[in-house]
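Here are my notes on this model, point by point. Please read them with the structure open.

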Amino acid sequence: MKIRIKEVGPRDGLQNESHFVSTEDKIQFIEQLSETGLDYIEVSSFVHPKWIPQLADASEVLSKLNRKEGITYAALIPNLMGLEKALKVEIDEANIFMSASEGHNKSNINKTISETFPVLEGVVKEAKANHLSVRGYVSTVLACPYDGPVTPEQVLHVVDHLVDMGVDEISLGDTIGVGVPPQVERLLEVLLSKYPASLFAMHFHDTYGTAIANIVKSLEMGIATFDSSIGGLGGCPYAKGASGNVATEDVNYLLTQMGCNTGLSRSKLLDTAFFIEHKLGKQVKSRQAEIARNGG
Ligand code: HMG
Ligand code: MG
């Protein structure tokens, strides 16, 4: 089975960082990622710059970036205003987002779940009219930092609406990184009784160190696409306590050792992790980076 890793480092990885990474450094970061063998990079976000100041330069990053053929350069899009800006600088895929829980949805995008559907429907319609594919994120699929546990039925409700809108892929996010394999299993049992596994990607944050276990459970259930962030960077500013995404280099290790051909270069991934570590002025947290620091 071909397993696909989708890199979210330049967006999810940087959005929570208070130290501003210059536009030139972001571009170099993305261009280095483009050389690692990745074929999908979420490069930035067209949300309100007041809420995510780190990514206020999304238009500049996308317009100056040297793109490599064969790579999908995607961006996070909250509404039509965001899409209009993104269309001016060309993106390959529009990534819309909302939550399965009311508390996080409201805090993150200032709307109830039912108020969000028509907004995203408008984005999907316009994106499709412009020949873009659309990825839909569902956050808080296992637990919400405001409302507590989230049921598979709450997730299904949002997934049903996204499918009706015509999204091409749905990424299921354990936003606060608290989930464990039996919860992943219950969620996927419900979703896969209605939809094919190929519709879904899994997006695990790694707050409690359970992301790798959750990926293995998802693989066993037929999921073949995983989001990750170089150096384990990441977090949602509207989900208190949420730590980084599972690290790309650690997912790559897991998959290659399990016999999957990821097509990724460990050394180039690590070079890129250390590049952004230097720019952020803080150590990245991944097992592979730690091993490399110790000479491995
Ligand atoms: P809002 O305030 O409700 O928007 O924000 P509004 O439509 O009421 O407009 C208010 C003002 O915002 C207006 O300006 C608009 O023009 C402006 P004013 O008239 O007051 O001067 N505005 C915009 N400006 C720039 N770009 C835009 C835009 N839209 C409106 N696109 C909004 C709604 C969604 C925009 C806001 O709440 C927001 O930007 N939130 C940021 C949320 C965010 O980025 N969260 C992190 C990403 S999600 C995540 O990390 C989870 C994920 O990784 C998966 C997982 O881990 O679970 C994907
Ligand atoms: Mg995330």
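1. A crossing of two helices is right-handed if the near helix is turned clockwise from the far one by less than a right angle, and left-handed if anticlockwise. By that rule, α8 and α9 cross in a right-handed sense. Note that this is a predicted model.

2. Helix α8 covers residues 181-192 and helix α9 covers residues 211-220. They pack at an angle of about 35°, and their axes are 9 Å apart. From α8, the contact uses P181, V184, E185 and L188. From α9, A213, N214, K217 and S218 take part. Sorted by class, this contact has four nonpolar, two polar and two charged residues.

3. Now the pair α6 and α7. Helix α6 runs over residues 113-129, and helix α7 over residues 152-165. Their axes come within 10 Å and cross at roughly 25°. Angles under 35 degrees count as roughly parallel, so α6 is roughly parallel to α7. The crossing of α6 with α7 is right-handed.

4. Which residues in α6 meet α7? They are I113, F117, L120, E121 and V124. On the α7 side, the partners are H157, V158, H161, L162 and M165. The residues of this contact divide into seven nonpolar, two polar and one charged.

5. Next, the metal. The magnesium ion (ligand 2) is coordinated by D12 through OD, and by H203 and H205 through NE2. The distances are 2.0 to 2.3 Å. Water is not among the atoms, so sites may look incomplete. Along the chain, the donors follow the spacing D-x190-H-x1-H.

6. Where do D12 and H203 sit in the chain? D12 belongs to helix α1 (residues 9-15), and H203 to strand β9 (residues 200-204). They are 191 residues apart, and the pair links distant parts of the chain. Are D12 and H203 buried or exposed? Both are buried.

7. Last, N66. This residue is found in the loop between α3 (58-64) and β3 (72-76). Leaving out residues up to four places away in sequence, N66 touches E31 and Y73. N66 and F200 are 134 residues apart in sequence. In space, N66 and F200 are 29 Å apart, C-alpha to C-alpha.

Conventions
Residues are numbered from 1 along each chain as its sequence is written. Chains are lettered from A and ligands numbered from 1 in the order in which they are written. This is a predicted model: local features need pLDDT of at least 70, side-chain atom pairs count only at pLDDT 80 or more; totals for chains, interfaces and linings use all residues. Side-chain values use heavy atoms; hydrogens and water are left out. Axes are lines fitted to C-alpha atoms, for helices over the stretch in contact, and angles run from 0 to 180 degrees between N-to-C directions. Helices (H or I, at least four residues) and strands (E, at least two) are DSSP runs, numbered from the N terminus. Angles under 35 degrees count as roughly parallel, over 145 as roughly antiparallel, 65 to 115 as roughly perpendicular and the rest as oblique. Contact means heavy atoms within 4.5 Å. Ala, Val, Leu, Ile, Met, Phe, Trp, Tyr, Cys and Pro count as nonpolar, Asp, Glu, Lys and Arg as charged, and the others, Gly among them, as polar. Donors are N, O and S atoms within 2.8 Å of the metal (3.2 Å for Na, K and Ca); water is not among the atoms, so sites may look incomplete. Buried means under 20% relative accessible area, exposed over 50%, partly exposed in between (1.4 Å probe, protein chains only).
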